[in-house]
Amino acid sequence: MQNVIWVDADVLCVKPWDFQDQWVFGWEKTGRLVCNAVLGLPRFSRTLQRLNAFCENEYPIPPWAKGEERAQLEAAHAAGNPVHVSELKWGVWGPSALTHFLNETGEMAHVKPQMAFFQISFKERRNLLSPGYIVEKKIDDGCYGVHLWNRRLSRRLITHEGGIPHPESYLGRALIRHDIDAAAAPIPDRPPEGKPTQAELAARAKASSPAAKVSPPAAEPSQHPRLTMPLDQLVQSPHYQRAIDNLELRIETIGDRLSPLPEPISNDNILILTSMKNEAPFILEWIAYHKAIGAKHFLIYTNDCSDNTNEILDRLAELGLVTRVANPWDPTSGKKPQHVALADAMQQPVYQAADWVLTIDVDEFVNIHVGDGRFADLFKAAGDPNVISFTWKFFGNGGVADYEDRPITEQFTACAPEFIPKPRLGWGFKSMLHKSAPYTKIGVHRPLKIDDEENISQVRWVNGSGRVMPEMLLTNNGWRSTKRSLGYRMATLNHYVLRSADSFLVKRDRGRINHTEQDQGIDYWARRNYASETDARMHNRAPMMRAELDTLMADAKLASLHAEAVQWHKAKIADLKSRPEYAALYENLTEVARPDAIYLTKLEDQPEAGTPADVHIPEPEALLLSPDQIEAKIQLLKEMVQGKIRVADLRSREAELGVSMDVSDLAQKMQQTPRVAPAATPQKPTAARVVKVAPVAPNPSDQQRLDHAPIWLPKAPDTTAPAAGDPRFTDMRAHAAQRAGFFWESDENALFFEPFGKRLVVTFDNIHVVQQKEGQRWPWGYKLLSQTLGCSVLGVIGSKRNWFRSPFVHDSFDHLRDSGFFDQFDEVLFYGASMGAYGALTYSQCAPGAKVFAIAPQTTLDRRLLPDDDRWGWTARLDWDDRYADAAEATHLADDMVVLYDPYFEPDVQQVDRLKGDNIRKLRMPFFGHQLPQALVNMGILKPILSEIFEGRLTAQRFYQLLRARRDLPRFQHDLLMKAEEKNHPKLAIQVCEYTLKKRDAKNIRNSLDRLRADLAKAEG
C-alpha cells in the first residue's frame, strides 16, 4: 500500500486531509512527543524501517531508556530473563519509539504542529465533555482532526455522564452533527481489571458508609541523583571485569556523589590547553574530536617544531579555533617546559575567559561514556562538578608497525585493563578545572594550591565515575588514582602514547616535552605497551569526529598543510630507519617479543631507570593459574624482558613451557562449563538431535554418481528426524530426492543440497524467512543461485528461530568438513544476510579457502562480547558457548571475505568492526540501514556481484561502479535529500531534487524543491 495514513478510531476529522507529502504526524507535546494516533510514512521512510526492526524484538531495551531503568533491563538480559515488551512502560512500541526514530533519522522535520491533531492535550481532555464552546476557542484553521482520548474519556462518560455526552459539549455537538444517536448504543460499563462497575459501587454504597482514606507516607527523597542517560559500558576479559566491578562497587559504598546545584554553573566555554612539538599529522583529528564533544577553543604552546606544526596551528588560529603561543621556556632556567607554559597560560585572555580548562596532550582523548559522549552530558551526570579527573587508559601498539594517515582512535583499540593497581603509572589522571573552583594554579595533571583553606568547601571534584574524590586529594599534589579514587564508569582518558612503531621513532627523536633528560627507548615503550584488552568505544564517537574533521579538511589551505605534515612524517621515518641506532630500535620494537606492560612492575622514575623492569602476574590472572603455571609464566616473562624471544618464536616457546601470553585463553576457561557428551545427554522425546559422527572418507562404492556432474554425496549423519517433518519443507524434500541431492532435517533446522556443477554456494536463511509460517520454503536466494547462476546449492534452513545455534547444524558442518565434502568443488562461496551472514562467516571455516559474501552481518549475539546489540532480545537465551559461536574468530581460513554494510547504521558497524584480517574486504553501502539485500535486488546488481565474487573479479572500484544504480532508487534519493538538508547543503539538496524529477514525477520531491529554492533565495537575498 502507498500513501496510506493510519488514523486511530478516536480521532474526529474536521476537514479534508489534502497533505502535500507522505509524512503525516504531529506533536502531542511540542518538541517532546509525537503521537501515533495519526501516522503516515512513505514506504521508503527510514523511520518506518527502524520502527519495523525495533518491533521485531519482543524483549527490547529501548535506546532511549535511561539510568536505573536501563540498568535493570540490561541486568535482566544478561541473566537470560529479558523483559517482554508487554511489561515495559506504555508507549514503547508507540509514541516513545516513533519520537525517538523520527529524531534519529531527521524525519522529524516533517512534523505538523500540535494544532493539527492534538490541540486538546491529555490534561484538557475533560473539556471535550464540558458544555459550551471551550474546545472551539482552541481550534484554528490548522486543525485537521481532534483526538478524543478514548480510553480515558469513555470511562469518564460512564462514571460521570451516564454513558452519553452532554448535547452542548463538543463531543455531544459532534454526535448531533453526524446524526449519531448515542442512546442507541451506550458505552458499556467495563471497568479496568479488578475495579468495580458503577452498579457494584452503588450496591456497596448502600451496604456501608465509605471508609476514610489514609494517605501513604511520603517517600524519602533520593540523596543522590540517579544517572538518567545511556551508559556506554565496557566488557573486558572476565577476570579483569570482575576485579574492576568489585572495586567500583566497594568505592561506591564508601564514596559520595554530588547533588546538582540549584543554579547550574556556566559550562559553555571549554578551553583545552596543551604543548606540542612535531605533532603535525595528528593535530586535526585531536582538534576535531574534542570540538565534536564540546570544546570551544584550544590554547597550544609549541616547542621548537621542525615539522609544520606551527603552520597548521596558525591556520587553525585564523579560523578562530586555536591560540598558539611559542613556549617562553628558557633551557638554562632549570624549569620544565610544560610548567613554564602552564604558568604563562593563566595570563592569556582565552584562559581567563574560559569556563573550563582541560590540560591534556595531543595523544590523549577524553572518552565520555554517558549520554551522547559530550562534556555537557558528563557535567549533568556528575551533578555539576567544578573539577573532574580522568584516569588514563593506555592504548598500546597492538602490533601496528606502519604509519597510516587515518585517525588514531580508529586504528588502536588494544589497551590496558581497567584494574591495574600495579604499576600505578597506568592509573595516572589528568583534570579539567572550572573557574568557580578555588584553585589558583594549574598543574600538568591536576589543579594546585588553594590560598584560603576555608575555600575547600567550594571544591566539587569528581573522578571518572562521577564520585566525589577523597578529601586528602583535594590539597595534595598526587596525580595517580588509588583504589579509593579510581573511576572509569562515566569517562576515561584514552592515552595513545605509542601509536605505530614508525611514529614512535619520530617521538623518540623529538624527545619528551617535560622530562627532557629521559630517553624514550625500549624501556619507555615496554612500560606503556598495554594491549591485553580491547576498547573500541571511541568508534561510537567516530561519526561526529569525522563530521568535524571533514569540515576542517574542507579548508583547502588546512588540507594542504596536513598533506605536507604527512609527507614530512613519512620522510622523517624513512630517514630515522636509515640510521643504525634507530634501525636497531625498530627491529627491537617489531621483531622481539616483549611482555605486555601489565606484567612489568617498576616505573621509569624509580632509581636505576635504565635497568630492566621486574615482572609479576596481576592478581586477577594469578588466581586462575596453578603454582606451576605461575612459575612457568614468570620464566617466560623474564626471558621476554631480556629480549631472548623473537616474535616468530613466541608460540613455540609458550608451548614448551605450557603457558600462554593470551589472556583470552583464561577468559574462555572462565566461561566454559563441563559438557556431557551428546550420546549421554537426556533428550526430549520430540526433539531432533544429531550424534557426532567420526570422519568418513569418501568411498566410491558408497557414493551416488551423477550423470551431469561427478559430485559425490556424504553419508547422512546419524540424525533423528521429526516424525512428520515441517510441512513447509515438503517440496524441498521431494526436489532433493529427484535431483540426487540430500535433505537432512531436525526439529529446528534442515540442510538441503542440490548438485548442479562444481561451484557450490552455501546459503543461509535470514530471520524474516524463518518467521514465514505459510507456503513452501526454499533456501535463501535459491532461484538466483541455482537457476540463474547455475551453481550447486547447499541451503541451511531454519524451521525455528535459533540463529543456527543448534547442535544439529554444528554437527552437520563438522561432518561435511570431516568427510571432505567441500573439497570436491572448484569454488565454494558462503553467502547470507544478517542472521544468514553470521552463518556464512562462522561456518566458512569448515571449507578452508572458500569465499564469503556477508551482507549486514552479525559476528555474534553473545551479550558478553557485544552487550549493546540487543535487536533480537530472545537470542540472549541461546547457547553461545558451543562451537561456531563467534564469527570474528572464524575468518582466517577463508580466501576472500566480502562484507557489505551501511557505515551509518551503528549496530551493524559495531559487528563489522570486529572482523579483522587481510582477507576481509569491507564495502560500504551508505543510507540503506540493515535492509541491504532487497536494495541490491531492486538495483539489479546482486547477480553480477555474486558472479564476480566467484570469479575473483569484484574489486572495490567495480562494486562502487555497480552501486551507482542506487541513484535511481526512490529510497536512496529521499535519504540523500534528507542527509543534504541535515548537513545544511541546500544546493546539493536542490541538485538531488532536480535529478530525481528528471527520473520520475514525485509530488513530495517537487514540493521540497520549491521550498529549498525559496529558502535559498531568501538566504542569498
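About 50 Å³ of space lies in the second largest cavity of this predicted model. E13 gives the most, with 3 residues. Sorted by class, the lining of the second largest cavity comes out as 5 nonpolar, 4 polar and 1 charged.

Now for the largest cavity. About 60 Å³ of space lies inside it, and the structure holds 4 cavities of 30 Å³ or more. The residues around the largest cavity are Asn-278, Glu-279, Phe-282, Arg-499, Ser-503, Val-506, Lys-507, Arg-510 and His-569. Helix H14 (residues 501-510) gives the most to this lining, with 4 residues. By class, the lining has 2 nonpolar, 3 polar and 4 charged residues.

**The strand pairings around E11**

Is E11 buried or exposed? With 8 of its 8 residues buried, E11 is largely enclosed by the rest of the structure. Buried here means under 20% relative accessible area.

E11 has several pairings. It meets E13 in the antiparallel sense over 5 bridges, while with E16 it pairs in the parallel sense over 2 bridges. Ile-388 stands opposite Val-462 in E16. E11 also pairs with E17, in the parallel sense over 3 bridges, and there Phe-394 stands opposite His-495.

Here are some strand pairs side by side.

| Strand pair | Sense | Bridges |
|---|---|---|
| E11 and E13 | antiparallel | 5 bridges |
| E11 and E16 | parallel | 2 bridges |
| E11 and E17 | parallel | 3 bridges |
| E27 and E28 | parallel | 5 bridges |
| E1 and E4 | antiparallel | 2 bridges |

**A glycine in the loop between E16 and E17**

The loop between strand E16 (461-462) and strand E17 (491-495) is where you'll find Gly-478. Gly-478 has a relative accessible area of 25%, so it counts as partly exposed. Leaving out residues up to four places away in sequence, Gly-478 touches Phe-429, Arg-446 and Leu-473. How far apart in space are Gly-478 and Gly-428? They are 50 residues apart in sequence, and their C-alpha atoms are 9.3 Å apart.

**Both ends of the chain**

E1 is joined to strand E4 (residues 33-40) by 2 bridges, and Val-7 stands opposite Val-38 in E4.

Next comes Arg-46, which is found in helix H1 (residues 46-56). Because its relative accessibility is 10%, Arg-46 counts as buried. Setting aside residues up to four places away in sequence, Arg-46 touches Thr-105, Glu-107 and Asp-975.

Toward the other end, strand E27 (residues 896-901) and strand E28 (residues 920-924) run parallel and are joined by 5 bridges. Leu-900 stands opposite Leu-923 in E28. To get from E27 to E28, the chain passes through helix H28 (residues 906-912), and this β-α-β crossover is right-handed.

**A helix on the inside**

Helix H8 (residues 283-292) has 9 of its 10 residues buried, so it is largely enclosed by the rest of the structure. The buried residues of H8 are Ile-283, Leu-284, Glu-285, Trp-286, Ile-287, Ala-288, Tyr-289, His-290 and Ala-292. Just after H8 comes Gly-294, which takes a positive phi of about 130°.

**The whole chain**

Stepping back, how many helices and strands does the protein chain have? There are 34 helices and 28 strands. Of the chain's 1021 residues, 54% count as buried. Finally, take the contacts between residues at least 6 apart in sequence: 74% of them join residues at least 24 apart.

Notes:
Residues numbered from 1 in each chain as written. Predicted model: local features only at pLDDT ≥ 70, side-chain atom pairs only at ≥ 80, totals over all residues. Heavy atoms only, no water. 1 Å grid on protein atoms, 1.4 Å probe; cavity = no way out; pocket = protein on both sides within 12 Å on 5 of 7 lines; lining within 4 Å. Points joined across faces, edges and corners; volume = space filled by probe spheres on them. Nonpolar A, V, L, I, M, F, W, Y, C, P; charged D, E, K, R; others polar. Pairing = 2+ DSSP bridges. Right-handed = clockwise from strand over helix to strand, strands pointing away. Buried < 20%, exposed > 50% of the residue type's maximum accessible area, 1.4 Å probe, protein only. Contact = heavy atoms within 4.5 Å.
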